[in-house]
Amino acid sequence: MTQPDQSHQSYEQGHERGRPGTATGRLPVWRMGLASGLVGILCCVGPTVLALLGIVSAGTAFSWATNLYGDFAWWFRLGGLAVLVLLVWVALRRRDQCGIAGLRHHRRRIAGVLAVAVATYLALYGLTTWLGTFA
């Protein structure tokens, strides 16, 4: 009688319900960082995208972005931070590592997620500010 292949079993354990990397593997640093950085700067990106699609005029988008950034910037930043924390928590929970040991084990990748989020925020802030000069 032959024994089942061990590598096949670990593959099945790591890919339950068709989601790759659910139980083992690396944290999806880029996806989590980009998502949270985008939510953090959504106050400026949203009106900019609407203007680029031709839905609103550039002047209207500039006015909306200025108003949203001036009055609600910290709410959007806190929303981006909340998305970051939620995504890291979900990723660690899927790996059954949502305790302090899991945070210590993945600390470099979590720092990478934070770095990608901040870089995304700054890049989109710079882009929307530059596009605002044309309004």
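These legends walk through close-up views of aromatic rings in a predicted model.

**View 1. A cluster of tyrosines.** Let's start with three residues, Tyr69, Tyr121 and Tyr125, which ring pairs link into a cluster. Counting through the whole model gives three aromatic pairs. Tyr121 and Tyr125 make one of these pairs, and their rings are stacked, with 6.5 Å from centre to centre and 5 degrees between the planes.

**View 2. Tyr121 and Tyr125 on their helix.** Here we look at where this stacked pair sits. Both tyrosines belong to helix α6, which covers residues 107–132. Four residues separate Tyr121 from Tyr125, or about one turn of the helix. Is Tyr121 buried or exposed? Tyr121 has a relative accessible area of 15%, so it counts as buried, the cut-off being under 20%. Tyr125, at 32% relative accessibility, is partly exposed.

View 3. How are the rings of Trp130 and Phe134 arranged? This pair is edge-to-face, with 90 degrees between the planes and 5.0 Å from centre to centre. Trp130 is partly exposed, at a relative accessible area of 49%. Phe134 comes out at 58% relative accessibility, so it counts as exposed, because the cut-off for that is over 50%.

**View 4. An arginine over a tryptophan.** The last close-up turns to a charged side chain and a ring. Which residue lies over the face of Trp74? It's Arg77, found at 4.5 Å from the ring centre.

Conventions: Residues numbered from 1 in each chain as written. Predicted model: local features only at pLDDT ≥ 70, side-chain atom pairs only at ≥ 80, totals over all residues. Heavy atoms only, no water. Phe/Tyr/Trp six-rings, centres within 6.5 Å; stacked < 30°, edge-to-face > 60°. Helix = DSSP H or I, 4+ residues; strand = E, 2+ residues; numbered from the N terminus. Buried < 20%, exposed > 50% of the residue type's maximum accessible area, 1.4 Å probe, protein only. Lys NZ or Arg CZ within 6 Å of the ring centre and 35° of its normal.
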